[in-house]
Amino acid sequence: MAATTTEAEAGSDFRERFGRNFERAAQAPGRVNLIGEHTDYNGGFVLPTAIPQKTRAEVARRSDRRVRAASAEADRGRISEFVLGEETRRGAWIDYIQGVTAELARRGLAVPGFDLWIQSAVPLGSGLSSSAALEVSVLRALRDLAGFPLDDVTLALVGQRAENDLVGAPVGIMDQMASSLADVGVALFLDTRSLASERIPIPRGAGLLVVDSGVRHDHASGDYRRRRAECEDAARRLGVRELRDLTVERRPDLERLPEPLRRRARHVVTENERVIEASAALRRSDLPLLGRLFDASHESQRDDFEVSVPAVDAIVAAARAEPGVFGARLTGGGFGGSVVVLAGADGDADRGPRIVERAARAGAPAARLVVVSGEKG
Ligand code: ADP
Ligand code: MG
């Protein structure tokens, strides 16, 4: 939603479409992963935080079994409809909503018919998880409307299942957990196997910038699947359930893997260690160490996991050339996407634009600043 949208205007948007007022409203943020890339589907660790941009869902109950939904960000605000119990994939944004209602019903919850209006400031498809923000905001609004006994972790699991089943995207649990449990200024250390998590405050002196490369590869999902398969292959050859289970003593076994499996596995194993070190660095407010871990993570993604692209590398280099920057790395699945930059919260408002400008001259012409957060500390 635009920063200028007031509550009253938001209410009238719902009224304009559905001819009445909404009954409940809820929000959920997008997220950026600070560190821990391609570890989630290997049973490992991640460290996302919420971004200031949010998605807002407004709902009102209906007396029939219909869901009528519209989004300011999709289909020019036109209403899509489906009947509860008849959810089927259409290859459209409404699948996220159908996925949510189908999964709630599968869990035995009596979902009422409802009207839904969505507005979002989270950029769609930039790797900032607009999809999880959509699922979690809608689930929060429905939980409130119908009084569902869902805790925040279960809410995240419902969102993930919605996306895995109805949408057909084989995503891990990070995005929904981050949207459901993290906040701006709070990172979420998450064990993706046990779902144990810890909220770690981000020190006041830390500033975060996210720069979108503007590069999206059509083959990204195919490459993502190939990386997953390579990790599974490596785990099988090493005789562990998931790469997460490769203990320190067994690290030398990596050397016996054929390439590229050796490098793929090495990324996952070292990245998991970096997430643990980064969490410790955050707790101690050790920003220089956190920055070095960002840098090492980027190198590992670029050289071992091979998920970076030249435009992303150009943004990382431009960020590192800036005074006051502690580190920078590719965030999200890769093959394009965004860069997260850790800098001092020194109130230097020109830093982001300078990085974008330098990156644009060095091979990232579509670079764009999408998130700036952190207070002057
Ligand atoms: P990301 O989650 O990184 O933004 P995804 O491809 O996972 O990218 O999700 C983007 C998709 O989620 C969009 O193409 C759209 O179908 C759906 N979506 C996300 N936010 C909204 C929204 N506010 N309104 C309608 N659809 C949305
Ligand atoms: Mg997504």
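In which sense, left-handed or right-handed, does helix 3 pass helix 5? The model to be inspected is a predicted one, and the tour begins with this pair.

**Stop 1: helix 3 and helix 5**

Select residues 130–146, which form helix 3, together with residues 174–181, which form helix 5. Two packed helices are described by the angle between their axes and the distance between the axes. For helix 3 and helix 5 the angle is about 50° and the axes lie 9 Å apart; the two helices are therefore oblique to each other. Helix 3 passes helix 5 in a right-handed crossing. To display the contact, show A132, A133, E135, V136 and R140 on helix 3, and D175, Q176, S179 and S180 on helix 5. Sorted by class, the residues of this contact comprise 3 nonpolar, 3 polar and 3 charged.

**Stop 2**

Keep helix 5 selected and colour by accessibility. Helix 5 is mostly covered, with 8 of its 8 residues buried; M174, D175 and L181 are among them.

**Stop 3**

N33 counts as buried because its relative accessibility is 0%. Setting aside residues up to four places away in sequence, N33 touches V46, L47, P48, M174, R329, T331 and V340. Next, select L188 as well: N33 and L188 are separated by 155 residues in sequence, yet their C-alpha atoms are 9.3 Å apart in space.

Then select Q53, which is found in strand 2 (residues 45–61). With a relative accessibility of 17%, Q53 also counts as buried, because the cut-off is under 20%. Beyond its neighbours within four places in sequence, Q53 is in contact with P29, G30, A121, V122, V370 and V371.

**Stop 4: the largest nonpolar core**

Which residues touch the most other members of the largest nonpolar core? Select L243 and V341, which hold that position among the core's 39 residues. Two or more residues each are supplied by strand 8 (206–216), helix 6 (220–238), helix 7, helix 9 (310–320), strand 9 (325–331), strand 10 (336–344) and helix 10 (351–361). Helix 9 gives the most, with 7 residues.

Centre the view on V341. Leaving out neighbours within four places in sequence, its contacts are G207, L208, L209, F294, A319, V325, G327, A328 and I355. Apart from this core lies another, of 31 residues, including A26, I94, L150 and L155.

Return to helix 9 and highlight its buried residues: A311, V312, A314, I315, V316, A318 and A319. The elements covering them include strand 8, helix 8, strand 9, strand 10 and helix 10.

**Stop 5: helix 7 and helix 8**

Finally, select helix 7 (residues 261–283) and helix 8 (residues 287–304), whose axes come within 10 Å and cross at roughly 170°. The two helices are therefore roughly antiparallel to each other. Helix 7 passes helix 8 in a left-handed crossing. Among the residues that meet here are R263, H267, E271 and R274 of helix 7, and L289, L293, S297 and D304 of helix 8. By class, the contact of helix 7 with helix 8 has 7 nonpolar, 5 polar and 8 charged residues.

Methods:
Residues are numbered from 1 along each chain as its sequence is written. Chains are lettered from A and ligands numbered from 1 in the order in which they are written. This is a predicted model: local features need pLDDT of at least 70, side-chain atom pairs count only at pLDDT 80 or more; totals for chains, interfaces and linings use all residues. Side-chain values use heavy atoms; hydrogens and water are left out. Axes are lines fitted to C-alpha atoms, for helices over the stretch in contact, and angles run from 0 to 180 degrees between N-to-C directions. Helices (H or I, at least four residues) and strands (E, at least two) are DSSP runs, numbered from the N terminus. Angles under 35 degrees count as roughly parallel, over 145 as roughly antiparallel, 65 to 115 as roughly perpendicular and the rest as oblique. A crossing is left-handed if the near helix is turned anticlockwise from the far one by less than a right angle, and right-handed if clockwise. Contact means heavy atoms within 4.5 Å. Ala, Val, Leu, Ile, Met, Phe, Trp, Tyr, Cys and Pro count as nonpolar, Asp, Glu, Lys and Arg as charged, and the others, Gly among them, as polar. A nonpolar core is a set of buried Ala, Val, Leu, Ile, Met, Phe, Trp, Tyr and Cys residues joined through side-chain atoms within 4.5 Å. Buried means under 20% relative accessible area, exposed over 50%, partly exposed in between (1.4 Å probe, protein chains only).
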